[in-house]
Amino acid sequence: TTVGYGDITPQNPGEYFVCTLFMLIAGFVWAYIVGSVVSLLSQLDPDNARFKQSMDKLNALIEQRNLSSGLRGKLREYMVVAKSIGQIHHQQNLLEQHISQGLQREVVMETPVMQTFLKKVYWAKDLEPDALLEIIRSLKSHVYGKEESIPMKDRMILVREGIVAVKGRILGRNEVHGANSILLMSDHLGAEAMPRTLSYVTALSLTKQALMGVCEQYPSVDRRLRHAQIRTAAWRGFVLAASKERAAAKQKEDREILKPRGSFVEAVTRNSNLNSVVTAEELKEVEGRLGRGQRDLTDQLVETRELLNSQMDMMNQIAHDLKSQALSGSSAARSRGHLSPK
């Protein structure tokens, strides 16, 4: 109670009453002071406090549903990785609820996402600045676990952290996927393969609905994206038609190779020799087609080798970046250790 009771003691009922009253008052005052200090300390890092509350709720869920130990580890690991996303969401809510749109655009202008978006998305280069800032402001953050599929229906993604695989390609940091398909309306032209994560991935996504909202606000953006849409649709239409034509030609060629010439009875009655069953012209035709098939296979192998070399270069670059980040992190940790007081 901090009243110093013990050195000087009350000697009569009146002094007993006064001392008891002072002890009660001091107890309440001291409890208020301690509570204020604890509340102040908890407000110094509100994000960490929210994270601890989320982890407590997750642990309660795990215990109630009696989940396996492997799944428990995955859930807790995901929560730790997604901690930064929660901070980003709270910051985004703060900007949207308390800051004007003009100041929000200025904040977006100084983020590194702007330069990455301009570099990777071809149709964003000629947009007016306010419209481009509005598009960047519409990006939403997501975290995906290991070996998860990323849905690509009516949206594009910008990988911020982690590694993603899609159709034999490896996408690393600051890589974009779906920038063309988000412009298209036809499913057979705009369908994109679903990327699959190889590690924990943090990505920014832009939906087609958000892009259409920006076009409604800025007519110049609507015209620019319409030109890009026509260009992309024509290019993909040509590619699709060429693929179908090539597949049909290959099927026809296979049928021609396997198509029988003449009849079995005619061949046997004409001559029992093998040369009468298969003519020299037919052998030359088959040989020519085999040669063409071998050349096509060689070309495909060369293209595959070039693709694998490019992917290996990208993986080496990603490994080098990760190693550089690890070295810089350890250097910073050592420097903080030297500067901290003993």
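**Close-up views of a predicted model**

**View 1. Gln229 and the residues it touches.** Leaving aside residues up to four places away in sequence, Gln229 touches Leu183, Leu184 and Met185. This is a predicted model. Gln229 sits in helix α10, which covers residues 219–258. Is Gln229 buried or exposed? Its relative accessible area is 17%, so Gln229 is buried. The cut-off for buried is under 20%.

**View 2. Val166 in strand β3.** Strand β3 spans residues 164–166, and Val166 belongs to this strand. Val166 has a relative accessible area of 3%, so this residue counts as buried. Which residues does Val166 touch, not counting those up to four places away in sequence? They are Leu171, His177, Ala193 and Pro195.

**View 3. Val166 and Met194, in sequence and in space.** Along the sequence, Val166 and Met194 are 28 residues apart. In space, their C-alpha atoms are 6.8 Å apart. Look for Ala193 and Pro195 here too: both are among the residues that Val166 touches.

View 4. Which residues form the negative surface patch? Asp296, Asp299, Glu303 and Glu306 do. Take Asp296 as one of these residues. Asp296 lies in helix α13, made up of residues 280–339. The relative accessibility of Asp296 is 41%, so Asp296 is partly exposed. A residue counts as exposed only over 50%, and as buried under 20%. A patch residue needs over 30% relative accessible area.

Notes:
Residues are numbered from 1 along each chain as its sequence is written. This is a predicted model: local features need pLDDT of at least 70, side-chain atom pairs count only at pLDDT 80 or more; totals for chains, interfaces and linings use all residues. Side-chain values use heavy atoms; hydrogens and water are left out. Patches are made of residues with over 30% relative accessible area and no salt bridge: like charges are joined within 9 Å, nonpolar side chains (Val, Leu, Ile, Met, Phe, Trp, Tyr) within 5 Å. Accessible areas come from the Shrake-Rupley method with a 1.4 Å probe; for residues, only the protein chains shown count as cover. A salt bridge is a side-chain nitrogen of Lys or Arg within 4 Å of a carboxyl oxygen of Asp or Glu. Lys and Arg count as positive and Asp and Glu as negative; His and the chain ends are not counted. The place of a charge is taken as NZ of Lys, CZ of Arg, CG of Asp or CD of Glu. Helices (H or I, at least four residues) and strands (E, at least two) are DSSP runs, numbered from the N terminus. Buried means under 20% relative accessible area, exposed over 50%, partly exposed in between (1.4 Å probe, protein chains only). Contact means heavy atoms within 4.5 Å.
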